[in-house]
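I opened this entry to log what I looked up in the model.

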Amino acid sequence: MRNPYDVLGVAKGASEADIKKAYRKLAKDFHPDRNKNDVKAKDRFAEANSAYEILGDAEKRKQFDRGEIDADGKPRATGFEGFGGGRGGGFDFEGMARSRQGGMGGGMAGGMGEDIFSHIFGEAFRAGGAGPGGQRGTPKGDDVAAELAVTLEQVASEEKLRLYLPTGREVDVVIPRGMVDGQTIRLRGLGQSAGPRGEPGDALLTIRIRPHPRFTVDGSDLRTTVDVALEDAVLGGTIRVPTLTGAVEMRIPSMTSSGRTFRLRGKGLPRKDGSAGDLFATTAIVLPEGEDAALMEFARSRRGAKAA
């Protein structure tokens with residue numbers, strides 16, 4: 001991993017706003033959705049995310065500037081200069097051994113080896129499970145947020161979709177039954193890495209259902225408007241009603257008015273229990289295009305009969 005300042009192209013003294021602006025530009029330029037055939041762009045996108053994970057976090061940025069963590073966010077091992085002894089800032093194994101064991105006679109017994117490395121590496125060593133009593137919980141990477149826009153047809157068919165995460169990783173997901181617009185699901189282990197000894201974070205995926213030109217969503221039910229010819233409305237008959245899986249035939253009774261609603265069971269969206277919602281079709285009577293002499297004559301005679 002390169003120096004995160006170099007990755008984002010900002011100076012070490014850059015403001016938070018400048019860092020965020022630089023990151024957003026890189027994320028936009030190299031997003032996998034815009035560079036599907038460019039492998040290098042995907043790598044640059046992931047690199048920019050990793051750099052911003054450090055510089056976008058005030059505490060991590062301070063740790064990096066002080067040399068406490070590296071460009072991958074991992075703790076640095078410090079104090080190894082002058083390892084053979086001397087006083088030039090070298091690490092005093094003997095002094096620490098005396099302080100913990102009352103002299104060097106104890107050698108590495110009693111967990112002193114664990115304490116030496118815990119002193120060098122800090123909690124990162126203990127969190128990795130170093131020796132008896134050293135386990136203090138596995139470190140966990142940061143969660144990442146992502147959005148996925150889906151169509152009603154994709155929700156109904158439970159289609160497998162390709163998702164590009166902010167980490168640069170690509171995964172296939174199937175929309176769970178019963179999902180509604182704006183709902184967030186947790187994809188475990190698909191967040192930021194916590195290093196070789198840590199547990200990765202999760203991806204928090206928010207589902208956005210795209211507006212549909214024909215259907216509106218009401219929970220697991222769908223609503224639509226279906227055109228009915230005048231003669232079918234008067235005499236009754238069979239009409240075709242669109243659904244998410246193709247048009248179906250529905251019989252309407254004679255003298256059906258506009259605004260009458262019919263239920264088509266099981267033609268809505270899938271529910272968590274495996275069932276499906278319903279489709280409510282509301283009729284809209286459509287008059288014939290152009291002038292219809294017979295219809296005009298019928299209307300005149302009917303109007304005259306009512307006036308008499």
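**Cores.** I started with the largest nonpolar core of this predicted model. It has 35 residues. I listed the members with the most contacts inside it: Leu148, Val150, Leu163, Leu187, Leu205, Ile207 and Val241.

I then took Leu148 and looked up its partners, skipping residues up to four places away in sequence. Leu148 touches Leu161, Arg162 and Leu163 on one stretch of numbering, and also Val173 and Ile175. Leu205, Thr206, Ile207 and Arg208 complete its list. Two of the names there, Arg162 and Arg208, are arginines.

**Gly237.** Is this glycine buried or exposed? I put it down as buried, because its relative accessibility is 11% and the cut-off for buried is under 20%. Gly237 sits in strand E8, which covers residues 237-241. Outside the four places on either side in sequence, I logged contacts of Gly237 with Asp232, Met250, Arg251 and Ile252.

**Helix H4.** What sits at the start of H4, residues 58-65? I found a side-chain oxygen of Asp57 within 3.0 Å of the backbone nitrogen of Glu59. After H4 comes Gly67, and I noted its positive phi, near 80°.

**Second largest pocket.** I recorded a volume of about 430 Å³. I counted 16 lining residues. Which of them lie nearest the centre? They are Leu230, Val234, Leu295, Phe298 and Arg302.

I next asked which helices supply at least two lining residues each. Helix H9 (230-235) and helix H10 (293-307) both do. H10 gives the most, with six residues. By class, I logged nine nonpolar, two polar and five charged residues in this lining.

**Whole chain.** The chain has ten helices and eleven strands. Of its 308 residues, 34% are buried. Among contacts with a separation of 6 or more, 47% join residues 24 or more positions apart.

Methods
Residues numbered from 1 in each chain as written. Predicted model: local features only at pLDDT ≥ 70, side-chain atom pairs only at ≥ 80, totals over all residues. Heavy atoms only, no water. Polar contact = N/O pair within 3.5 Å; in protein donor to acceptor, adjacent residues only side chain to side chain. Helix = DSSP H or I, 4+ residues; strand = E, 2+ residues; numbered from the N terminus. 1 Å grid on protein atoms, 1.4 Å probe; cavity = no way out; pocket = protein on both sides within 12 Å on 5 of 7 lines; lining within 4 Å. Points joined across faces, edges and corners; volume = space filled by probe spheres on them. Nonpolar A, V, L, I, M, F, W, Y, C, P; charged D, E, K, R; others polar. Core = buried A, V, L, I, M, F, W, Y, C linked by side-chain atoms within 4.5 Å. Buried < 20%, exposed > 50% of the residue type's maximum accessible area, 1.4 Å probe, protein only. Contact = heavy atoms within 4.5 Å.
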